[in-house]
Amino acid sequence: MSSGTYNIPRSLKDGFCRYKMPRLQAKIEGKGNGIKTVLPNIVDVARALSRPPAYPAKYFGNELGAQVQIEEKSEKYIVNGAHEVSKLQDVLDGFIDRYVLCPVCKNPETDLIIKDKMITRKCGACGERTDVDMRHGLAKYIVNHPPPKEKKGGQHASAGNGSGGEGDDADGIDGLVQNTNKLALVDEDDVDDDDWALGIDVDMSAEAVAQRQKDAEARLAVIDKHATGEDAEDGDDPYDQLGDFIRANREASDREIFAKATELQLGKKHRAVIVVILCLFEESAMVAKDIAKHDKLLVSFGDSDKHQRAVIGGFERLIEERPELLAKTPAIFKALFDEEIVEEEAFLEWGKKPSKKYVDKELAKKIHKAAEPFIQWLAEAEEASDSDEDDEE
Ligand SMILES: [Zn+2]
């Protein structure tokens, strides 16, 4: 799972990234008429979306006009023809939009309910039921291949046999619990703190439910902001394109990455540095060393307060993706300081109080706590140098 994750949905860039999916992998095999694209991790991706892998696989076939071969037992999912992974990931966004996200609150915690040959998404976060567009080719397939029932009892979702019907309250809660269980973080081994393993234990207290509702609203606000902002359509989002470029060109030099960013008109954008951080620093054990290696790239987008704050924010986001990095916060910050990427003033400003600018408040607090030794060291160093300067005057 070291190849990293995306938010669900991918267009969600700022904060609140509670839901993750592994990046799709695609291997082009064979040649000529027999050329095909193997999807080695579609099962994991589908699991993160809490949908059977055949759904996105068939969706690829529909959208790309290609034959799809499925061998469920051996977990083989193949799309005929050669398809770039970035294209497939874009197509997957469409699938998520149509068959996963709640259109009301944009939360991915939905169940598909099939009744009278119609598909409804039932949202575990806001409770809305919304109809799926039945004109799309995949909709018919889903009706004929309803999602499997859950192990325990399984009287929710995938009705169609008369047992579902209008869900009462008990059904709603049951659905939510099961659904969030399925939506546990992509790689539980990477999670060492229960607070981060959102959805593994579902807290049904009034506060928790209210908090989820609030999260849902916040997600929606973020998405609205994007929809009306500079990067309206996610397929063409230059930030996405930059991320895809970095992932697809692992050998690219810093100079090439920055050239690509400039080409995408992101050369001066502070948010671009976040994409770079999230896509470039793949190996958790190497982050501090890699900062030294890529120091020039990290400052090339700009060095204003906003840019420096974005660099810190990028690493906050990286910690959110990879909780094992939390303990390394002081080393990461020290490297940023040593390489003159983030100056002491920016760190001290950041250290004043946890902000939910880049990650949620709870995580921001944890990062502040973890960073304490470094911030303290910095404050003391500053005091010392201040008195030096006094001497010089
Ligand atoms: Zn909803």
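Reply: R10 forms a salt bridge with D244, and their closest N and O atoms are 3.7 Å apart. A salt bridge here is a side-chain nitrogen of Lys or Arg within 4 Å of a carboxyl oxygen of Asp or Glu. This pair links distant parts of the chain: R10 sits in the loop between β1 and β2, D244 in helix α7 (residues 238–248), and they are 234 residues apart. Helices (H or I, at least four residues) and strands (E, at least two) are DSSP runs, numbered from the N terminus.

Before going on, bear in mind that this is a predicted model: local features need pLDDT of at least 70, side-chain atom pairs count only at pLDDT 80 or more, and totals for chains, interfaces and linings use all residues. Residues are numbered from 1 along each chain as its sequence is written, and side-chain values use heavy atoms, with hydrogens and water left out.

Back to the arginine. R10 is buried, with a relative accessible area of 5%, and D244 is buried too, at 16%. Buried means under 20% relative accessible area, exposed over 50%, and partly exposed in between (1.4 Å probe, protein chains only). R10 also has a salt bridge with D90, where the closest N and O atoms are 2.8 Å apart. That's another link between distant parts of the chain, since D90 belongs to helix α3 (residues 85–99), 80 residues from R10. D90 has 29% relative accessibility, so it counts as partly exposed. Put together, R10, D90, D93, D244 and R247 are linked in a network of salt bridges.

While you're in that loop, look at P9: its place is between β1 (5–7) and β2 (20–22). A cis peptide bond joins I8 and P9, with omega about -5°. Most peptide bonds are trans, for comparison.

D44 counts as partly exposed because its relative accessibility is 28%. A search of the whole structure finds 16 salt bridges.

Now for some rings. The structure holds 13 aromatic pairs. Rings of Phe, Tyr and Trp (its six-membered ring) pair if their centres lie within 6.5 Å; planes under 30 degrees apart count as stacked, over 60 as edge-to-face and the rest as tilted. F333 and W350 are edge-to-face, because their planes are at 85°, with ring centres 5.2 Å apart. F333 lies in helix α13 (residues 329–338) and W350 in helix α14, so the pair ties together parts that are 17 residues apart in sequence. Both F333 and W350 are buried. F333 pairs with F374 as well: the centres are 6.1 Å apart and the planes at 70°, so this pair is also edge-to-face. Here the link runs from helix α13 to F374 in helix α15 (residues 361–392), 41 residues apart. Ring pairs link F333, F337, F347, W350, F374 and W377 into a cluster.

One last stop is α9, which is mostly covered: eleven of its eleven residues are buried. Among them are H270, R271 and C279.
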